[in-house]
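I set out below what I looked up in this structure, entry by entry.

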Amino acid sequence: NSSLEFFYDIRLDLKEANSGIPNDKPKRISSIKYKNGSSCIEFVLDHSYFNSIANTTDPYEKRLKLNSIQKRSCSNTSVSEPPVVFEYFGSTLGDGSQHFPKLTDKNIDHYGYYNKAVSENNYTTIDMIEPTSLFFNGNQYNVGNANRTPSFDAAIKGMLKKITLPTKGTISYTYESNQYLGSPTNHSEFS
């Protein structure tokens with residue numbers, strides 16, 4: 001006779017859908033209760049947000065972040081063991097939040113990772129294309145001006161850095177940039 005029960009809180013990093021359903025706001029899991037007979041354990045998920053700018057209330061400038069998971073007894077709100085704590089790579093903004101690019105940020109590399117390039121304000125489709133030469137009916141056309149060069153320091157923003165376990169042991173993560181052999185081609189042939 002086991003069961004899992006999920007509890008939710010409102011998310012601040014997503015806009016409300018216009019579904020017509022009352023209280024249909026985006027949600028995040030705030031805790032999970034596991035019941036097995038008379039035994040009950042609760043896992044409390046502590047969240048905060050990465051922000052692309054300090055003190056923002058705009059959902060597109062926020063990204064949900066899991067800070068810790070705390071295990072405790074359902075009948076007693078006292079802590080039964082230390083939490084599992086998560087740390088992330090990135091810089092801190094003036095309001096104490098960690099920087100992370102907004103959801104709609106166009107500054108990405110070839111692989112889709114943030115690269116803090118200068119193509120941010122270029123929202124037209126042609127401006128988001130990497131510089132390319134197209135050949136059509138014997139004529140050369142140059143299109144695109146987006147910077148898709150990878151930046152390792154920018155790409156690791158928001159990635160998991162370390163997990164601290166209840167036993168105080170840690171798991172640390174190391175990342176490396178994507179690499180490819182040879183030189184990329186900058187043209188396509190159409191006829």
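Are cysteine 40 and cysteine 74 buried or exposed? I found cysteine 40 buried, and cysteine 74 is buried too; buried means under 20% relative accessible area, exposed over 50% and partly exposed in between, with a 1.4 Å probe and protein chains only.

Basis. I note that this is a predicted model, in which local features need pLDDT of at least 70 and side-chain atom pairs count only at pLDDT 80 or more, while totals for chains, interfaces and linings use all residues. Residues are numbered from 1 along each chain as its sequence is written, and side-chain values use heavy atoms, with hydrogens and water left out.

Disulfide. I looked for disulfides (pairs of cysteine sulfur atoms within 2.5 Å) and found one. It joins cysteine 40 and cysteine 74, with the sulfur atoms 2.0 Å apart. I recorded -65 degrees about the S-S bond, a left-handed link. The pair connects distant parts of the chain, 34 residues apart: cysteine 40 lies in strand S3 (residues 39-51), and cysteine 74 in the loop between strand S4 (62-73) and S5.

Secondary structure. I counted one helix and 10 strands in the protein chain; these are DSSP runs, helices being H or I of at least four residues and strands E of at least two, numbered from the N terminus. Along the sequence I read the pattern β-β-β-β-β-β-β-α-β-β-β.

Sheet. I traced an open sheet of seven strands with antiparallel pairing, in the order S1-S2-S3-S4-S5-S8-S9; two strands pair if DSSP finds at least two bridges between them. Strand S1 (2-10) and strand S9 (170-172) are the edges, and each has a single partner strand, so one side of each lacks a neighbour in the sheet. Strand S8 (residues 160-164) pairs with S9 in the antiparallel sense over three bridges. I noted serine 172 in S9 as the bridge partner of lysine 162.

Core. Which residues make up the largest nonpolar core? I listed six: Phe50, Val84, Phe86, Tyr88, Phe100 and Ile163. Such a core is a set of buried Ala, Val, Leu, Ile, Met, Phe, Trp, Tyr and Cys residues joined through side-chain atoms within 4.5 Å. Strand S5 (residues 84-88) contributes the most to this core, with three residues. Beyond its neighbours within four places in sequence, I found valine 84 in contact (heavy atoms within 4.5 Å) with Asn67, Ser68, Ile69, Ile163, Thr164 and Pro166.

Whole chain. Of 191 residues in the protein chain, 29% count as buried. Of the contacts with a separation of 6 or more, I noted that 50% come from residues 24 or more positions apart.
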